[in-house]
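I opened this one to get my bearings, and I kept short notes as I went. Here is what I looked up.

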Amino acid sequence: MTADSWRNLIEHIGLLYQEYRDKSTRQEIETRRLQDSQTDPEESSPSEETPSEAEPTGTPESKAPPQISLLRNSNSRFNLWQDLPEIRSSGVLSILQPDEIKLQEAMFELVTSEASYYKSLNLLVSHFMENERLKKILHPSEAHILFSNVLDVMAVSERFLLDLEQRVEENIVISDVCDIVYQHTVNHFSVYITYVSNQTYQERAYKQLLQDKPAFREVISQLELDPKCKGLSFSSFLILPFQRITRLKLLVQNILKKVEEKSDRENTALDAHKELETVVKACNEGVRKMSRTEQMISIQKKLEFKIKSVPIISHSRWLLKQGELQQMNGPKTSRTLRTKKLFREIYLFLFNDLLVICRQIPGDKYQVFDSAPRGLLRVEELEDQGQSLANVFILRLLENADDREASYMLKASSQSEMKRWMISLAPNRRTKFVSFTSRLVDCPQIQCVHPYVAQQPDELSLELADVLNILDKTDDGWIFGERLHDQERGWFPSSMGEEILNPKIRAQNLKECFRVHKSDDSQRRKLGSRNRQ
């Protein structure tokens, strides 16, 4: 395929990546809802999709590569591999097993979604970055922070897409795509780490430009109104690379769930997934690094030590949770005392390896009066202690700043706040539904139907269609969950999701999760532990 014809195909892609991603995840949610409502999950596969009515069904006059039919059809959400005229006319659907057809669909979606992603990247560059009015407004340093290395990212996507399209053209039945994913992840996808690591600077620069430069704000608004953008914001284009690298890992997971076990294609998919996971983790670390460093410097300036000073700033330390709690004064006696006399305010800074206990003093400062390594903390919940002692727990420091054991009776403002503190302070304690060290074969699950952005360090940001194990929940509407595809844990409002009620679907989700991560030795050990139970 010549460069000109290839670029012509890109112009005919029906969906921008943002639209594809939204519709794809919505479809995934609806498919899972349907499965959950059925008594037998075998009646419907997670990967099955309803063919689009807008798809052509006739035989074309001449043979064309499958992706051409897809890219030129702008009316449908995105075509299925089995609905391409070339596939229907070939008779291959009557030969292939249903599982192989599902695998073909999964591989085909990876290819077509990359084409959609490239189109959106191309629009970010040609419509926004290279706009002459915008160039005159932005200083080169501002433009560099705003767009970072997006040209490198687009070049990598172009090379990746060309290799994928070449593979699709080799045979109407796609042999594999994960080998291509693996090669490109290892050799080229480091550009994503550079781009995503710049995200904090990028967001800050964008907000500052909107605030300080009315001309910038005006041009961006006008460019966003162009029909090319389909009502999408400039910021939705800026975050494309991070969304794509994360989504690409999920697409490989979807392929991995469908390939035959103990096959070459399974090994290739496992290798590709492992490399993508490494890149995604590096991207996440890059985003967190700068904000964590700034946060630690800010906290250090606010602390005044009444005890021996503890160095706060460390490259390996970050904040997990901070906030005010009520400490009980004196011994555990006299419930007849008024609450305001029974408790006084203290403030906790909990880091990944250290707890610092303070009292707030004038000038937005905190006086530190005790501390302990996080590994030497224990918590115990008090139950049925009356209204004045509701949401109270005991915090024990096995070795505090004075090298002795100390206990604090602490009261939180709500049940969810109490549980959040207890899990953060002692992460290995058993939760309501499942223990971290000896998990059960089945536990409640939830799928995300509304995206959520974490507001606190102990919260978990959610994307549409995420599936999570419910590890704990509170009566006031919070859930502590573990996302299946990456094992990230955190709190989120229960209103963000819908519980999966069908136990067979939950078991299927766990089985797929174990298979995806079976190349990880620690995951294999956990699975063995579950089987022994």
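**Entry 1: the sheet**

I began with an open sheet of 5 strands, which runs in the order β12-β11-β10-β9-β13 with antiparallel pairing. I noted that β12 (489-493) and β13 (497-500) are the edge strands, each with a single partner, so one side of each has no neighbour in the sheet. From one strand to the next, the twist averages 45°.

Two strands pair if DSSP finds at least two bridges between them.

Before going on, I reminded myself that this is a predicted model, where local features need pLDDT of at least 70 and side-chain atom pairs count only at pLDDT 80 or more, while totals for chains, interfaces and linings use all residues. Residues are numbered from 1 along each chain as its sequence is written, and side-chain values use heavy atoms, with hydrogens and water left out.

Glutamine 447 has glutamate 498 in β13 as its bridge partner.

**Entry 2: two helices**

I then turned to helix α10 (residues 190-197) and helix α11 (residues 199-212), which pack at about 40° with their axes 5 Å apart. Axes here are lines fitted to C-alpha atoms, for helices over the stretch in contact, and angles run from 0 to 180 degrees between N-to-C directions. Are α10 and α11 roughly parallel or oblique to each other? They are oblique, because angles under 35 degrees count as roughly parallel, over 145 as roughly antiparallel, 65 to 115 as roughly perpendicular and the rest as oblique.

Tyr195, Val196 and Ser197 of α10 meet Gln199, Tyr201 and Gln202 of α11, where contact means heavy atoms within 4.5 Å.

**Entry 3: glutamine 253**

I found glutamine 253 in helix α14 (residues 240-256). Is glutamine 253 buried or exposed? It counts as buried, at 4% relative accessibility; buried means under 20% relative accessible area, exposed over 50%, partly exposed in between (1.4 Å probe, protein chains only).

Leaving aside neighbours within four places in sequence, glutamine 253 touches His273, His485, Val516 and His517. Alanine 106 is 147 residues away from glutamine 253 in sequence, yet 9.6 Å away in space, C-alpha to C-alpha.

**Entry 4: cysteines**

Cysteine 283 is buried at 0% relative accessible area, and cysteine 513 is buried at 10%. I counted 0 disulfides, taking a disulfide as a pair of cysteine sulfur atoms within 2.5 Å.

Technical notes. Helix = DSSP H or I, 4+ residues; strand = E, 2+ residues; numbered from the N terminus.
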